[in-house]
Amino acid sequence: MKKDTSVELARLLACFIVIGVHTKLSVIGDCVGDFSRLYICCILADGVAVFWMIAGFFLFQNTSYRKVLRHTWKRVGIPLIAFSVFIFYFRDWLIGGETLAASLSHTPSEYLEVGKKLLTWTNPIGHTNHLWYLYVYILLMLIFPALKG
C-alpha cells in the first residue's frame, strides 16, 4: 500500500504531541495555577485521539477479521505479554532493590490478582500504567466486526 503523506504527517504530529504531554511542566507552579502551562496542557491533550483517528483510517479498509486478529496478536499481543511477564518477575529486582530470588517468587494470591485484573481489562502489572493504550487497542480489535458494521 502506498503511503499517504497526510496520514504520515498526522502520525508525526501525534508523536510530537505525545512527547510533549510526557515532558510538560506541571499546571501548578509555586502553589498557584499557571495559565500558560494549562494552555500548553490543553494543546497537548489530544495526541492519543490523533492516533485513534489514524488507526481508524487503516482499520476499515478491505480487511478480514481473521487478518486483524492475527496482526494484533503478532504485533501487539505477544510483545505486551512478553514485556508484562518480564516486568512481573523482575520488577522488584530491577526497581525495588530486592534480591533476584525474592523478585522471582510470587504467592498464589498475586497470580489470582493478575487474573482478576486481566478479566476486568485493568493493567495487572505494577509500573506499567503506560500500557493502557495497548489494552484498549486489543479490545477495539476484538470488537472490530461491531465497529465495522
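## A walk through a predicted helical model

Phenylalanine 60 sits in the loop that links helix H3 (47–59) to H4. Helices here (H or I, at least four residues) are DSSP runs, numbered from the N terminus. Before we go on, a word about the model: it is predicted, so local features need pLDDT of at least 70 and side-chain atom pairs count only at pLDDT 80 or more, while totals for chains, interfaces and linings use all residues. Residues are numbered from 1 along each chain as its sequence is written, and side-chain values use heavy atoms, with hydrogens and water left out.

### Around phenylalanine 60

Now look across to phenylalanine 144, which has its place in helix H8. This residue is buried, because its relative accessible area is 2%. Although phenylalanine 60 and phenylalanine 144 are 84 residues apart along the chain, their C-alpha atoms are separated by 8.9 Å.

With 64% relative accessibility, alanine 146 counts as exposed. From alanine 146 to lysine 117 the C-alpha distance is 25 Å, and they are 29 residues apart in sequence. Back in helix H3 you will find phenylalanine 57, which is partly exposed at a relative accessible area of 38%. Phenylalanine 57 and glycine 115 are 58 residues apart in sequence, and their C-alpha atoms are 33 Å apart in space.

### Patches on the surface

Which residues form the nonpolar patch on the surface? They are Phe60, Tyr65, Trp121, Leu139, Leu142, Ile143 and Leu147, and together they have about 590 Å² of accessible area. Accessible areas come from the Shrake-Rupley method with a 1.4 Å probe, and for residues only the protein chains shown count as cover. Patches are made of residues with over 30% relative accessible area and no salt bridge; like charges are joined within 9 Å, and nonpolar side chains (Val, Leu, Ile, Met, Phe, Trp, Tyr) within 5 Å. One of the members, leucine 142, has its place in helix H7 (residues 132–142). Leucine 142 is partly exposed, because its relative accessible area is 41%.

There is also a positive surface patch, formed by Arg66, Lys67, Arg70, Lys74 and Arg75. Lys and Arg count as positive and Asp and Glu as negative, while His and the chain ends are not counted. The place of a charge is taken as NZ of Lys, CZ of Arg, CG of Asp or CD of Glu.

### Salt bridges

How many salt bridges does the structure hold? There are two, where a salt bridge is a side-chain nitrogen of Lys or Arg within 4 Å of a carboxyl oxygen of Asp or Glu.

| Salt bridge | N to O distance |
|---|---|
| Arginine 11 with glutamate 8 | 3.4 Å |
| Arginine 91 with aspartate 92 | 3.5 Å |

Arginine 11 and glutamate 8 both lie in helix H1 (residues 5–23), three residues apart, which is about one turn of the helix. Arginine 11 counts as partly exposed at 32% relative accessibility, and glutamate 8 counts as partly exposed at 26%. In the other pair, aspartate 92 is partly exposed with a relative accessible area of 22%, whereas arginine 91 counts as buried at 14% relative accessibility.

### Helix H6 and what follows

Helix H6 (residues 108–119) lets you check a helix length yourself. The expected span of a helix is 1.5 Å times one less than its number of residues. For the 12 residues of H6 this should give 16 Å, and the end C-alpha atoms are 17 Å apart, which agrees.

H6 is followed by tryptophan 121, whose phi is positive, near 55°. Histidine 127, in the loop between H6 and H7, has a positive phi near 65°, in a residue other than glycine. Histidine 127 is exposed, because its relative accessible area is 56%.

Notes
Helices (H or I, at least four residues) and strands (E, at least two) are DSSP runs, numbered from the N terminus. Buried means under 20% relative accessible area, exposed over 50%, partly exposed in between (1.4 Å probe, protein chains only).
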